[in-house]
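Visitor: I'm new to this one. Could you take me in for a close look at a single part, the place where the pieces of the protein meet?

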Amino acid sequence: MGGPYAADRLVALLEAILQRSGSSPEEAAIVAANLVDSDATGHASHGVCQIAVYAKSLELGHLQPNRHARVVRDEAPFLVVDGEVGYGQVIAREATDLAIARAKAGGACVLALRNAHHIGRVGAYGEQCIAAGLIGVFFVNVVSRPLAAPHGGGRPRLGTNPICIAVPATPGHPPFLLDFATSAVAANKCRVAAASGKEVADGLLIDEWGAPTRDPGVMFRDPTGAILPFGGQLGGHKGYGLALACEILAGALAGGLPALPENLRPGRVVNNALAFLIDPARVSDAENGGWQALTDAVLDHIQDTPPVPGGDGVLVPGGPERRSRALAAEHGITLDPDTVRALHGIGGALGLDVPAFLGT
């Protein structure tokens, strides 16, 4: 493993790589900060490692620098935005800002985001909603190499199709931020395990014949294996159902681009999303302290649950990310060897002194 590295050093290196790859300083700053923050929050699958994916997408023409969110339809409460395969971190941020303005004005906004390159950690856009005092619900599909098998299926047909639900802070509790892939494990975790010669846990993967396996290498050969939907043997239908809902709501409805074979291209990564932004003050009654007091009562009751023997107690979604950010700020960010090699290879090819940026 590489590092730990200070976040500001990683951001500076990524900004330099992105600018030399054609991005404006403003775009480079947004994308770099988003990637490093994903590592800091404990979501390395959407972090610095993605720079290798972006470099390949640029080379193939599947990613266009310096694009912005283009409004296709604006008929309250509906807002349709096209990303023109620009950097998803920029497109999704701009689209969410537009939706926030409409939700604050009218109480709600239904956002359809289509044709953005990889938008990264969806929780980042949930955090935008939280900062604006709004509830955000996001369904996202992934148009790329299929990774996940439908429940009962022996071949990959779906992406990792994430869902995010964000609720602002209350007087007694920090924000609620639920952000998860509908697959049992992130593909990047399989990559890291394969590169390290390690197996994954039981119940996460099947091989190319549909048989259970702990070998992460099945995801990186042809034909590939598949990641199972979350929920395990008894509950996999739940993860699969949510993944399929993302494919219909975000891919077919919002984006017009579901992950069907005719829409897949080697090296192509596109995200589409359907999001609902709601002003909670327009919904909740003011009696008994309104939604915030009742939410505090719910969270107090849940966190008062006695822990299992030897356990640390009940966590609320959003808590692990806050804790991970604090640890990263104190101790730095560790990267897997493949990502460190990619930074040196891509940065070096662009004429950058990567060791100087990283302080190594």
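Guide: Happy to. The protein splits into domain 1, made of 4-184 + 228-280 + 319-358, and domain 2, which is 185-227. Keep in mind that this is a predicted model. The C-alpha centres of domain 1 and domain 2 sit 23 Å apart, and the contact draws on 18 residues from domain 1 and 21 residues from domain 2.

How much area is buried there? Between domain 1 and domain 2 it comes to about 1500 Å², and carbon and sulfur atoms supply 54% of that.

Now for the charged and polar links. Two salt bridges are counted between domain 1 and domain 2. If you'd like a salt bridge to find in the picture, look for the side chains of Asp338 and Arg191, which come together at 3.2 Å, N to O. Across the interface of domain 1 and domain 2 there are also eight residue pairs in polar contact, with both residues at pLDDT 80 or more. As for what lines the domain 1 side where it touches domain 2, you'll find nine nonpolar, five polar and four charged residues.

Take Cys109, which is in no disulfide, as its nearest cysteine sulfur, in Cys129, is 9.7 Å away. Cys109 is also buried, at a relative accessible area of 2%. Cys129 is buried as well, at 0%, and its sulfur lies 7.8 Å from the closest cysteine sulfur, in Cys164, so that pair is too far apart for a bond.

Definitions and conventions
Residues are numbered from 1 along each chain as its sequence is written. This is a predicted model: local features need pLDDT of at least 70, side-chain atom pairs count only at pLDDT 80 or more; totals for chains, interfaces and linings use all residues. Side-chain values use heavy atoms; hydrogens and water are left out. Domain bounds come from an automatic or database domain assignment. Contact means heavy atoms within 4.5 Å. Buried area is the accessible area (1.4 Å probe) that two parts lose on being put together, summed over both. A salt bridge is a side-chain nitrogen of Lys or Arg within 4 Å of a carboxyl oxygen of Asp or Glu. A polar contact is a pair of N or O atoms within 3.5 Å; within protein, one must be able to donate a hydrogen and the other to accept it, and residues adjacent in sequence count only if both atoms are side-chain atoms. Ala, Val, Leu, Ile, Met, Phe, Trp, Tyr, Cys and Pro count as nonpolar, Asp, Glu, Lys and Arg as charged, and the others, Gly among them, as polar. A disulfide is a pair of cysteine sulfur atoms within 2.5 Å. Buried means under 20% relative accessible area, exposed over 50%, partly exposed in between (1.4 Å probe, protein chains only).
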